[in-house]
Amino acid sequence: MRWVGAMVVLPVASLAGSVVASLLSGRRIGSFLSDPRVVDDPHALTGVLSNLGICLWASAAYASLLAGWVLRRSEAHRETSLFLLAFGTLSLVLMVDDLMLVHEGIVRDWLGLPELLPITLYMLATFACLVRFASRIRREGSLLMVIALTCFAGSVGTDVAPGPLTGLLGEWRILVEDGLKLFGITAWAGFFARASMRALGAAMADA
């Protein structure tokens with residue numbers, strides 16, 4: 001539960017700061033949440049939430065890939081290595097998507113393909129990893145993973161089917177969409193940081 005509490009502080013503080021910055025500066029809340037490349041009137045803090053999310057993706061990818069690579073030659077920890085390498089690679093792909101605006105920039109605007117195409121592929125890859133390593137995720141304590149997946153689902157749902165939220169919240173809808181995404185990435189990064197530390201600790205204890 002300590003990990004869950006720690007994972008709440010960062011997104012709440014970041015989102016609250018963005019709201020305050022928006023109100024004080026008179027700029028749209030999207031200026032502080034969206035990637036700087038899609039903001040017409042940038043501010044010193046433009047894209048801060050987007051960049052924070054990319055940093056969290058990177059931390060999840062780095063921790064998982066490093067631990068998985070270290071453990072790859074240990075027969076006793078082969079399953080753990082595969083688990084961390086698989087999710088580390090997935091985290092890296094998701095980081096690149098955010099960093100390079102793949103689904104909403106390259107795929108949709110450059111290639112003219114529906115942005116749901118890469119999103120669907122990411123979802124299928126995630127589902128495959130979840131099924132393959134379900135028992136391992138349960139042993140790690142699945143609460144952070146459940147929080148992450150729930151938040152991602154809410155964010156994607158708000159993005160592709162905004163409907164009533166747009167009419168109710170107007171431009172502040174993005175706060176719900178990107179806020180849920182940030183909570184999800186934070187929980188995801190926390191889960192794999194903890195899993196990586198536990199795996200390396202167990203390997204050191206066995207050495």
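Helices here are DSSP runs of H or I with at least four residues, numbered from the N terminus. In this predicted model, helix H1 covers residues 2–25, and Val 19 has its place within H1. Val 19 counts as partly exposed, because its relative accessibility is 21% and the buried class ends under 20%. Leaving aside residues up to four places away in sequence, Val 19 touches Ile 29, Trp 172 and Leu 175. Ile 29 lies 10 residues from Val 19 along the chain, and the C-alpha atoms of the two are separated by 6.6 Å.

A helix pairing comes next. Helix H3 (residues 48–70) packs with helix H10 (residues 173–206) at an angle of about 20°, and their axes are 9 Å apart. H3 is therefore roughly parallel to H10, as angles under 35 degrees fall in that class. The crossing of H3 past H10 is left-handed. On the H3 side, the contact includes Leu 49, Leu 52, Leu 56, Trp 57 and Val 70, while H10 contributes, among them, Leu 182, Ile 185, Trp 188, Phe 192 and Leu 200. By residue type, the contact of H3 with H10 divides into 15 nonpolar and 5 polar residues, with no charged ones.

Helix H4 (residues 78–100) is 23 residues in length and reaches 33 Å from its first C-alpha to its last, close to the 33 Å expected at 1.5 Å a residue. Buried residues of H4 include Phe 83, Leu 84, Phe 87, Leu 90, Leu 94 and Met 95; Asp 97 and Asp 98 are also buried.

How values were computed:
Residues are numbered from 1 along each chain as its sequence is written. This is a predicted model: local features need pLDDT of at least 70, side-chain atom pairs count only at pLDDT 80 or more; totals for chains, interfaces and linings use all residues. Side-chain values use heavy atoms; hydrogens and water are left out. Axes are lines fitted to C-alpha atoms, for helices over the stretch in contact, and angles run from 0 to 180 degrees between N-to-C directions. Helices (H or I, at least four residues) and strands (E, at least two) are DSSP runs, numbered from the N terminus. Angles under 35 degrees count as roughly parallel, over 145 as roughly antiparallel, 65 to 115 as roughly perpendicular and the rest as oblique. A crossing is left-handed if the near helix is turned anticlockwise from the far one by less than a right angle, and right-handed if clockwise. Contact means heavy atoms within 4.5 Å. Ala, Val, Leu, Ile, Met, Phe, Trp, Tyr, Cys and Pro count as nonpolar, Asp, Glu, Lys and Arg as charged, and the others, Gly among them, as polar. Buried means under 20% relative accessible area, exposed over 50%, partly exposed in between (1.4 Å probe, protein chains only). The expected span of a helix is 1.5 Å times one less than its number of residues.
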